[in-house]
Amino acid sequence: MNPVINLQNVSKVFHRKSWLSLSEDENFVRAVDDVTISIDEGQSVGLAGESGCGKTTLGRLIAGLYEPTQGTVSINGRNINEGLKDIRRQVRRNCRMIFQNLDAALNPFMTVQQILEEPLKIHTDTTKSECKKRIELVLELVNLPGSFKNEYPHTLSGGEKRRVSVARAIVVPPKILIADEPVSALDVSIRAQIIDLFQHLRQELKLTMIFISHDLGVLNDVCDRLLVMYDGKIVEDASIENLRERTLAHPYSRKLTESVLQISVDSWQ
Ligand SMILES: Nc1ncnc2c1ncn2[C@@H]1O[C@H](COP(=O)(O)OP(=O)(O)O)[C@@H](O)[C@H]1O
Ligand SMILES: [Mg+2]
């Protein structure tokens with residue numbers, strides 16, 4: 001099978017503009033450090049690791065929202081940072097990212113309908129009535145009543161906002177979905193519902209998925225492969241069975257597994 005996503009020696013260096021920094025070196029942060037991975041079509045890949053290890057940056061590099069400092073990111077064999085604007089746009093259309101921060105992701109001055117309309121306007125030439133139909137369909141798919149289209153984000157609960165952000169990501173059906181900590185701020189019961197939603201969408205839309213979370217229990221539920229990052233590097237690339245059987249290779253991943261509560265380990269069995 002051909003990999004749908006391919007990263008070859010990808011690094012991303014940020015320049016920190018801190019006036020407090022003491023030496024030249026401290027002006028740089030290597031958020032992603034020489035990452036080489038391939039992801040097959042239809043795979044659901046969990047990306048774990050502690051805060052600040054580079055998960056979001058890696059997600060944004062794959063979504064084409066950042067250009068790598070070094071290396072190449074290819075989707076379906078095509079370097080996404082090369083060539084004409086139109087080609088890049090095509091890639092962006094196939095690949096959507098769901099952002100961690102809901103309040104930044106959902107414009108507070110737009111209704112749900114306007115929020116969902118925006119990607120359709122940017123990426124397609126859908127007519128107004130087709131747009132309306134599509135929005136009804138997508139709200140149904142994420143389990144929200146049609147009447148929600150007239151609501152503003154501030155009137156919605158955390159779980160409902162998350163569903164809207166998922167709806168926005170799939171309203172123009174993507175082939176690749178990158179979800180950045182999509183359940184981290186939710187109550188346990190709502191979290192279970194959103195996890196169900198992702199599992200459902202994955203099958204329904206035949207998605208290739210990258211699911212970013214520091215919670216290994218969540219990744220166990222939605223993924224079939226696990227990548228663990230540490231200090232910008234992928235230190236573990238394993239199947240989810242390795243997580244269940246606690247046979248991860250890298251000491252850091254083993255430490256992560258140990259820190260997962262026993263209660264969730266029990267529920268895996
Ligand atoms: N736009 C940015 N500018 C400068 N530094 C950044 C930027 N984005 C991320 N970083 C830094 O890169 C590192 C990795 O960040 P991030 O990818 O957000 O990690 P994670 O998502 O795993 O918490 C951190 O040290 C962070 O401070
Ligand atoms: Mg992050």
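Strands and the ligand shell

Reader: How many bridges join β1 to strand β4?
Author: Strand β4 (residues 70-75) runs antiparallel to β1, and 5 bridges join them. Strands are DSSP runs of E with at least two residues, helices are runs of H or I with at least four, and both are numbered from the N terminus. Strands pair if DSSP finds at least two bridges between them.

Reader: Is this experimental or predicted?
Author: This is a predicted model, in which local features need pLDDT of at least 70, side-chain atom pairs count only at pLDDT 80 or more, and totals for chains, interfaces and linings use all residues. Residues are numbered from 1 along each chain as written, chains are lettered from A and ligands numbered from 1 in written order, and side-chain values use heavy atoms, without hydrogens or water.

Reader: Which residue of β4 partners Ile5?
Author: The bridge partner of Ile5 in β4 is Ile75.

Reader: And how does β1 pair with β2?
Author: β1 (residues 3-15) pairs with β2 in the antiparallel sense, over 9 bridges. Within β2, Ser38 is the bridge partner of Asn6.

Reader: New topic: what surrounds ligand 1?
Author: The ligand has 13 residues around it, each with a heavy atom within 4 Å. Arg16, Gly52, Lys55, Thr56 and Thr57 are the closest.

Reader: Which elements supply that shell?
Author: β2 (28-40) and α1 (55-62) each give at least two residues. The largest share, 3 residues, comes from α1.

Reader: How far is the side chain of Thr57 from the ligand?
Author: An N or O atom in the side chain of Thr57 is 2.6 Å from an oxygen atom of ligand 1. For Lys55, the corresponding side-chain distance is 2.8 Å. For Thr56, it is 2.8 Å.

Conventions:
A polar contact is a pair of N or O atoms within 3.5 Å; within protein, one must be able to donate a hydrogen and the other to accept it, and residues adjacent in sequence count only if both atoms are side-chain atoms.
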